[in-house]
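Work through the exercises below with the sequence and the model in view. Try each task before reading its solution.

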Amino acid sequence: MPEPSPPPGSNAFSSSPPTPPAGSILNWLTSTAELAFVLESYLRHKLGETVCYREALPDLEKLKAVPLQSKDKRYLPRTDLEATAPAVFRILGIRPPNRIEELPPTQAA
């Protein structure tokens, strides 16, 4: 079965971190740990023999983004993709984040 392609305009920085649901934090942590295990297993499977998982993880961890403001505009530049990171994005069928993303203006309080 072919892998679904990411939605147009999606990238690694387009989603916000999950928030715990109402109820037991222990249940949320357990389900989060299970999700992390499933995602890690999926990544290992997809990378297969093409890219070493132990090499890819540090390369992906080097990918950072910091919001910046210049005059009246806000931007989210990211660091360069290093070593195996481009191959990981390609294998997963995910477009890497834009090198510089313009952010919407902040709302005045």
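**Exercise 1. Find the residue just after H3 that takes a positive phi, and list the buried residues of H3.**

Step 1. Go to the end of helix H3, which spans residues 85–92. Just after H3, Gly93 has a positive phi of about 75°. Helices here are DSSP runs of H or I with at least four residues, strands are runs of E with at least two, and both are numbered from the N terminus.

Step 2. Ala85, Ala87, Val88 and Phe89 are the buried ones. Buried means under 20% relative accessible area, exposed means over 50%, and partly exposed lies in between, with a 1.4 Å probe and protein chains only.

A note on the model: it is predicted, so local features need pLDDT of at least 70 and side-chain atom pairs count only at pLDDT 80 or more, while totals for chains, interfaces and linings use all residues. Residues are numbered from 1 along each chain as its sequence is written, and side-chain values use heavy atoms, with hydrogens and water left out.

**Exercise 2. State the order of helices and strands in the protein chain, and what share of its residues is buried.**

Step 1. Count the elements: the chain has three helices and three strands.

Step 2. Read them from the N terminus on: α-α-β-β-α-β.

Step 3. The chain has 109 residues, of which 17% count as buried.

Step 4. Turn to contacts, meaning heavy atoms within 4.5 Å. Among contacts between residues at least 6 apart in sequence, 58% join residues at least 24 apart.

**Exercise 3. Describe the sheet: which strands stand at the edges, and how are the strands paired?**

Step 1. Write down the order. The open sheet is E1-E2-E3, with antiparallel pairing. Two strands pair if DSSP finds at least two bridges between them.

Step 2. Identify the edges. E1 (68–70) and E3 (100–103) each have a single partner strand, so one side of each is left without a neighbour in the sheet. Neighbouring strands are turned by 35° against each other on average, direction ignored; the axes are lines fitted to C-alpha atoms, for helices over the stretch in contact, and angles run from 0 to 180 degrees between N-to-C directions.

Step 3. Take the pair E1 and E2. Three bridges join these antiparallel strands, and Ser70 stands opposite Lys73 in E2. The two strands form a hairpin with two residues between them, and Lys71 in the turn has a positive phi of about 55°.

Step 4. Take the pair E2 and E3. E2 covers residues 73–77 and is joined to E3 by four bridges, again antiparallel. Pro77 has Ile100 as its bridge partner, and Leu76 stands opposite Glu101.

**Exercise 4. Asp59 is buried: which residues surround it, and how far away is the nearest side chain of opposite charge?**

Step 1. Locate Asp59 in helix H2, residues 53–61.

Step 2. Check for a salt bridge, which is a side-chain nitrogen of Lys or Arg within 4 Å of a carboxyl oxygen of Asp or Glu. Asp59 has none; Lys62, the nearest side chain of opposite charge, is 4.1 Å away. For charge, Lys and Arg count as positive and Asp and Glu as negative, while His and the chain ends are not counted.

Step 3. List the contacts. Leaving out residues up to four places away in sequence, Asp59 touches Glu82, Ala83, Thr84 and Ala85.

Step 4. Look at the side chains of Asp59 and Thr84: a polar contact of 2.6 Å joins them. A polar contact is a pair of N or O atoms within 3.5 Å; within protein, one must be able to donate a hydrogen and the other to accept it, and residues adjacent in sequence count only if both atoms are side-chain atoms.

**Exercise 5. How many salt bridges does the whole structure have, and which parts of the chain do they link?**

Step 1. A search of the whole structure finds four salt bridges; the steps below treat some of them.

Step 2. Glu82 pairs with Lys62, with the closest N and O atoms 3.5 Å apart. Glu82 is in the loop between E2 and H3 and Lys62 in the loop between H2 and E1, 20 residues apart. Glu82 is partly exposed at 36%, and Lys62 is partly exposed at 41%.

Step 3. Glu102 pairs with Lys73, the closest N and O atoms being 3.5 Å apart. This pair links strand E3 to strand E2, 29 residues apart.

Step 4. Arg99 and Asp80 meet at 3.1 Å, N to O. Arg99 lies in the loop between H3 and E3 and Asp80 in the loop between E2 and H3, so the pair ties together parts that are 19 residues apart in sequence.
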